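Here are my notes for you, as promised. Have the model open while you read, and take the points one at a time.

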Amino acid sequence: MRSSMSSGTVCASATLRASTAYAAIVAYDNIVDYGSNYEFVRHVLNMDTTFPGNALMHRAIADKSVWTAAYALIIAAEGLTAFLLVIGALALLVRLTASAAIFNRAKVWAVAGMTVGFGLWFFGFLVVAGEYFAMWQSKEWNGQDAAFRITMVILGVLVFVSLPDGDPA
C-alpha cells in the first residue's frame, strides 16, 4: 500500500468520475425526456431532412418499430456505458492508495465503459447515423458535431486512464 497518490492517479480518477456523471446524465435524460431524442432518431433513420433527391434514400427506414428499437439500443448503450463507468470510478476510488499494480488492474471497468461509449458515439452516431443515414445532410437533425466532441473526450479520458500508474519513488 502506498502512503501517497501520484497526480496521475488522482487525475485519472477525477476525469473518470466526470465522464461517469456525463454518461449517467445522458442516459437518464433520454429516459425521462424520451420524446425529444426519439424524434432525432426518427428523422435520422427516415432520412426525411436530407438533401432532396439524394441517391442514398434507399437506406431510409420508415418503420416505427425500427425507430423504437434503435432508440432503445442507444439508451441501453448509454446505460451500459454509465454502469461500467460507475463500477470503474468506484474501483479506482477505493484503490487510490493501493499499489500501482492493484490500481492499474482496477482500470479494466473504466476501459470497458469508455469502449462501449466510443462504440456508441463514434460507430453509432458518426459512422451509422452520420454516414450511412446521411445525417450530415440535415440542417435540423445533425448530431455529428456533438458526437465528435463526445468521442474525442472519451478517447482523451480513455488514453489518460489507460496510462500505467507507478508507485512514487
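1. Let's start with Ser 13, which is in contact with Leu 92, Leu 93 and Leu 96, leaving aside its neighbours within four places in sequence. Contact here means heavy atoms within 4.5 Å. Ser 13 sits in helix 1, residues 7-32. Helices (H or I, at least four residues) are DSSP runs, numbered from the N terminus.

2. Before going on, a word on what you're looking at: this is a predicted model, where local features need pLDDT of at least 70 and side-chain atom pairs count only at pLDDT 80 or more, while totals for chains, interfaces and linings use all residues. Residues are numbered from 1 along each chain as its sequence is written, and side-chain values use heavy atoms, with hydrogens and water left out.

3. Is Ser 13 buried or exposed? Ser 13 counts as buried, at 1% relative accessibility. The cut-offs are under 20% relative accessible area for buried, over 50% for exposed and partly exposed in between (1.4 Å probe, protein chains only).

4. Now have a look at helix 3 (residues 64-93) and helix 5 (residues 108-132), which pack at about 155 degrees with their axes 7 Å apart. Axes are lines fitted to C-alpha atoms, for helices over the stretch in contact, and angles run from 0 to 180 degrees between N-to-C directions. Helix 3 and helix 5 are therefore roughly antiparallel; that label is for angles over 145 degrees, while under 35 is roughly parallel, 65 to 115 roughly perpendicular and the rest oblique.

5. Who makes the contact between these two? Among the residues are Ile 74, Ala 77 and Glu 78 of helix 3 and Leu 120, Trp 121 and Phe 125 of helix 5.

6. Leaving aside neighbours within four places in sequence, Leu 120 is in contact with Ile 74, Ala 77, Glu 78 and Phe 125.

7. Last pair: helix 2 (residues 34-46) and helix 3 pack at about 120 degrees, with axes 9 Å apart. Helix 2 and helix 3 are therefore oblique to each other. Their contact includes Tyr 34 and Tyr 38 of helix 2 and Trp 67 and Tyr 71 of helix 3.
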